[in-house]
Amino acid sequence: MSVPRIGLYPGTFDPVTLGHSDIIRRGSKLVDKLIIGVTTNPSKNPMFTPEERMDMVVAEVARLGLENVEVVGFDALLMKFAEAQGASVIVRGLRAVADFEYEYQMAGMNQQLNANIETVFLMADISLQPIASKLVKEIALYGGDIAPFVAPHVCKLVAARVAELGLRGDL
């Protein structure tokens, strides 16, 4: 009996976008079990709490109908979390060259921490490459339509949060 291959796709998912969903869907095909690690990153100025982001990702995984995906929150060094989850693969999505430079450096550091865990890069679908959570939040906060970039349930959650925070900008 072989050991199941566990992959880990970490991120803040603030909010989860169709680009994230593409990587989740495709990454889940590469492993027996894919763990979506929802982490904290205060420097990213999150719109949603860690619990809200986890709920959002759980709903997105359900929407995608993926049976081999689990959502787990964490606030720890990625490689320690990966080890604790039994992951042998870190899945990372790439949109552009700038992503690659950052991710390449991170993969190198992670390899120094644990050479037994491989990093796999997946290119986002060409139609989804421009989508970034940061830009989705900015568009929403200035009253733009984010429906092309996120699933309908995420669109509603972002709209509700923007209603609480108030629109920005002045024409």
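Start by selecting C155, which is found in helix 6. Helices here are DSSP runs of H or I with at least four residues, strands are runs of E with at least two, and both are numbered from the N terminus. Before moving on, note that this is a predicted model: local features need pLDDT of at least 70, side-chain atom pairs count only at pLDDT 80 or more, and totals for chains, interfaces and linings use all residues. Residues are numbered from 1 along each chain as its sequence is written, and side-chain values use heavy atoms, with hydrogens and water left out.

**Around C155**

C155 counts as partly exposed because its relative accessibility is 22%. The cut-offs: buried is under 20% relative accessible area, exposed is over 50%, and partly exposed is in between (1.4 Å probe, protein chains only). Show the neighbours next. Leaving out residues up to four places away in sequence, C155 touches I146, A147 and V150. Contact means heavy atoms within 4.5 Å.

Go to F13, in the loop between strand 1 and helix 1. F13 is not a glycine, yet has a positive phi of about 50 degrees. At 1% relative accessibility, F13 counts as buried. Step along to D14 and P15, which are joined by a cis peptide bond with omega about 0 degrees. P15 is found in that loop too, between strand 1 (6-11) and helix 1. Most residues other than glycine have a negative phi, and most peptide bonds are trans.

**Helix 3**

Select residues 78-85. The buried residues of helix 3 are L78, M79, F81 and A82. Viewed down the helix 3 axis, they fall within an arc of 160 degrees, so they line one face of the helix. The arc is that of the directions from the helix axis to the C-beta atoms. On the other side, K80 and A84 are exposed. What do the buried residues of helix 3 pack against? Their partners are strand 1, strand 2, strand 3, strand 4 and helix 4 (97-113). Just after helix 3, G86 takes a positive phi of about 75 degrees.

**The cores**

Finish with the largest nonpolar core, which has 31 residues. A nonpolar core is a set of buried Ala, Val, Leu, Ile, Met, Phe, Trp, Tyr and Cys residues joined through side-chain atoms within 4.5 Å. Y9, I24, L34, I36, V57 and V158 touch the most other members. A second, separate core of twelve residues includes I6, L8, I35 and V72.
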